[in-house]
Amino acid sequence: MSKKTLGQVVRQARDEHELTQRQLAARLGVKASHVAYIESNQRRPSLWLVRRIADALELDREELLFLAHPEARYLVTDRAEQARETPRDAWQQFVSDKALLKRNDVTRAELQLLKQVSMLGRVTRPNQFLYVLRSIRQAAEEN
Amino acid sequence: MKAKASQLWKDEDGLEGLVREVLGTKSGAPPRLASSDGIAGRLISMASRDYLREVDRFFSRRELRKLFRILEASIVEFNKQRFRTKPNEFSRIAEELGAQFKATPYRDSDGIGPLGFYVNDRGTLKRPLICLNSAHHPVAMGSAFWHELGHHICSQIFGRNREAVTLQFGEDFDDHLSEPLELAADMLVSVAAYPRDVAKRLFSQSAAESAPNAGATFSELREHLRSGWGFDFSTRAGTPENLVYLAGMIHYAKLRSALLTGYDT
């Protein structure tokens, strides 16, 4: 579900429930054109409507919320889940990408420092390590 | 009926309206979001925390007085003027306190990126570094600067090795309430954003009693951001960082209010 757009997910679920856009709209209490806009990713549903869509189409509310408002993930993701999976994944991806490390000439000392960054449990993407690394290098050159 | 300061943060309707506005989802029937609902739940949870009790858990009055004495002696404008957001101001303050300042832009594909970080590692850098992500709004950069400066000052007070690296994303303000060094850094932000005179006007009990309703006080916080730094949620509706900024607005205001009422700072 996470690799599809919100519109694709809604459209597919509506088809599976054998509903027309008009029928779904009636269940949601909105106009059929609003459903069409959502399915074509031209409009983001409100929090209220996310909930109604999820319930009407038997979709996971939270996943639908994240599709409609990706930024919400950063405030609602379970912290234990973040600590258990995402930061560790980001660090593993970063350190196991030998080509990337070589391309950026990452030294052992730099890797040690970035490992400390990873241990903060905040970094969720390998690129963020590169951002930190490049900023530190620039600062060192300017110093 | 006049609102008390403590009621402001329990105003779920006001908060809910703000959440909807910053997400850019004004249309639709007004939802009644319970505390268990994801995004509103986390914000409501943060808004309903007793910040004074959280500060009390980690800091005695004596320790806080010492910390603020050091800050007021080191930074002339501290607790007198709200922070400025010009990079040369950041550089000047950082230099005066023995740190290096740098700002470089970074964006993830979904728009969210770290606010900034602090590195105090003599093996890599001659001086401690405060680095900000300049892709963020200047007021967010300002908050991030004072937070990282807080880490720098704490590292000097508590010892260099205590704070080798810190990284700030901004989505985890409530976690800071259980980490004394993060909380100390946030206290610096709250005072830099709401110097004493402003804090007294916005957060003192008498000010709370004169507020017509809780929504008006949220409005006052927004006006403080707008008049001070040109930040306006309504012109940024739907931007990915907006929720983080909203969480920051609530977090720092609550912290400043706690410092004023509990420690007369």
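View 1. Two residues are in contact if their C-beta atoms, placed from the backbone, lie within 7 Å. Where pLDDT is low, the predicted coordinates should not be read in detail. This is a predicted model, in which local features need pLDDT of at least 70 and side-chain atom pairs count only at pLDDT 80 or more, while totals for chains, interfaces and linings use all residues. Residues are numbered from 1 along each chain as its sequence is written, and chains are lettered from A and ligands numbered from 1 in the order in which they are written.

**View 2. Confidence along chain B.** The mean pLDDT of chain B is 80. Of its residues, 80% reach 70 or more. Residues 27–37 of chain B have pLDDT below 50. Beyond near neighbours in sequence, that stretch has 15 contacts in the model. Among the elements of chain B, helix α1 (residues 5–8) has the lowest mean pLDDT, 47. Strand β3(B) has the highest, 96. Helices (H or I, at least four residues) and strands (E, at least two) are DSSP runs, numbered from the N terminus.

**View 3. The open sheet of chain B.** Four strands line up in the order β1-β3-β2-β4, with mixed pairing. Strands β1 (100–104) and β4 (165–168) of chain B stand at the edges with a single partner strand each, so one side of each has no neighbour in the sheet. Neighbouring strands are turned by 10 degrees against each other on average, direction ignored. Axes are lines fitted to C-alpha atoms, for helices over the stretch in contact, and angles run from 0 to 180 degrees between N-to-C directions.

**View 4. Strands β2 and β3 of chain B.** β2 (residues 116–119) and β3 (residues 129–133) run antiparallel, joined by four bridges. Two strands pair if DSSP finds at least two bridges between them. Gly116(B) stands opposite Leu132(B) in β3(B). Helix α6 (residues 87–96) of chain B lies across β1 and β3, at about 155 degrees to β1(B).

**View 5. Around Arg226(B).** Arg226(B) sits in helix α12 (residues 214–229) of chain B. Is Arg226(B) buried, exposed or partly exposed? Arg226(B) is partly exposed, with 16 other C-beta atoms within 10 Å. Buried means 20 or more such atoms, exposed 12 or fewer, and partly exposed in between. Leaving out residues up to four places away in sequence, Arg226(B) touches Phe231(B) and Asp232(B).

How values were computed. pLDDT is the predictor's confidence in each residue, from 0 to 100.
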